Amino acid sequence: CLGLEILEKLTSNLPTGNPTYTFGIFDPGFFWSGDEEAYGPSPEDVEKRINPVKKLVEIPAKWAINGGLEKLAKKLPLTRAIGLTSKVKIDGDTYHIPMIDFAEGVSNLPKGDLDKVNIPGMFVLSGKSGHFYGFELLEEKELESFLDKSKRLFSIDQHWPDLQIRQGFSMLRLTPSRRKLFQPCFRELYTPDKAGNDDKSNTHQDSA
């Protein structure tokens, strides 16, 4: 289904009827590891790991869900995948979807960490780990702060936030590729415990 269920649930829960998403075409083999030995010492390899996105494509949600994403995927070589970036346009303004890439081995919803984030959203299986998409949009100036604070989460991929900050947006894989054969798929919705809004560990309130 090429991540269509993920897009459908995200679109139906965001505070707008038809957002325009930005998709990234990238090589996932260079994106997800912080182990430099896995890539070799050449500057070219390091650059691919830091900035793996080859192309960005803006597609309205309705068109993406109704065949646009599939058409884009059919044109790609087997080494490339499509990721959904955090950048979303609504009425000409740019916002960001809160995203988290969890560490390898996190295959069930990490409720303790998500309670600290305190944003409703969904948990997605991505193969050896999981992803989180939040349903409350961030303004552009809030993205770096969100990513920086997410480093405190026990279950996060520790290398991921810095890479997202460096490229200026977050991105999570939607389609498989030769190096990442598992098709990311929706697992469950997450609803924060509103009674925990005053928790000082909340990533939006903790300024320590």
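Buried means under 20% relative accessible area. The close-ups below show a predicted model.

**View 1. The aromatic pair Tyr21 and Phe23.** A search of the whole structure finds 3 aromatic pairs.

**View 2. The aromatic pair Phe132 and Tyr190.** The rings of Phe132 and Tyr190 are arranged edge-to-face; their centres are 6.3 Å apart and their planes make an angle of 75 degrees. Strand S7 (residues 130–134) holds Phe132 and strand S10 (residues 185–190) holds Tyr190, so the pair ties together parts that are 58 residues apart in sequence. Phe132 counts as buried at 1% relative accessibility, and Tyr190 is buried with a relative accessible area of 3%.

**View 3. Lys9 over the ring of Phe186.** Lys9 lies over the face of Phe186, and the distance to the ring centre is 4.5 Å.

**View 4. Thr79 and its contacts.** Thr79 is located in the loop between helix H3 (61–74) and strand S3 (81–90). The relative accessible area of Thr79 is 19%; the cut-off for buried is under 20%, so Thr79 counts as buried. With neighbours within four places in sequence left aside, Thr79 is in contact with Phe26, Asp27, Pro28, Ser177, Arg178 and Arg179.

Terms used:
Residues numbered from 1 in each chain as written. Predicted model: local features only at pLDDT ≥ 70, side-chain atom pairs only at ≥ 80, totals over all residues. Heavy atoms only, no water. Phe/Tyr/Trp six-rings, centres within 6.5 Å; stacked < 30°, edge-to-face > 60°. Helix = DSSP H or I, 4+ residues; strand = E, 2+ residues; numbered from the N terminus. Buried < 20%, exposed > 50% of the residue type's maximum accessible area, 1.4 Å probe, protein only. Lys NZ or Arg CZ within 6 Å of the ring centre and 35° of its normal. Contact = heavy atoms within 4.5 Å.
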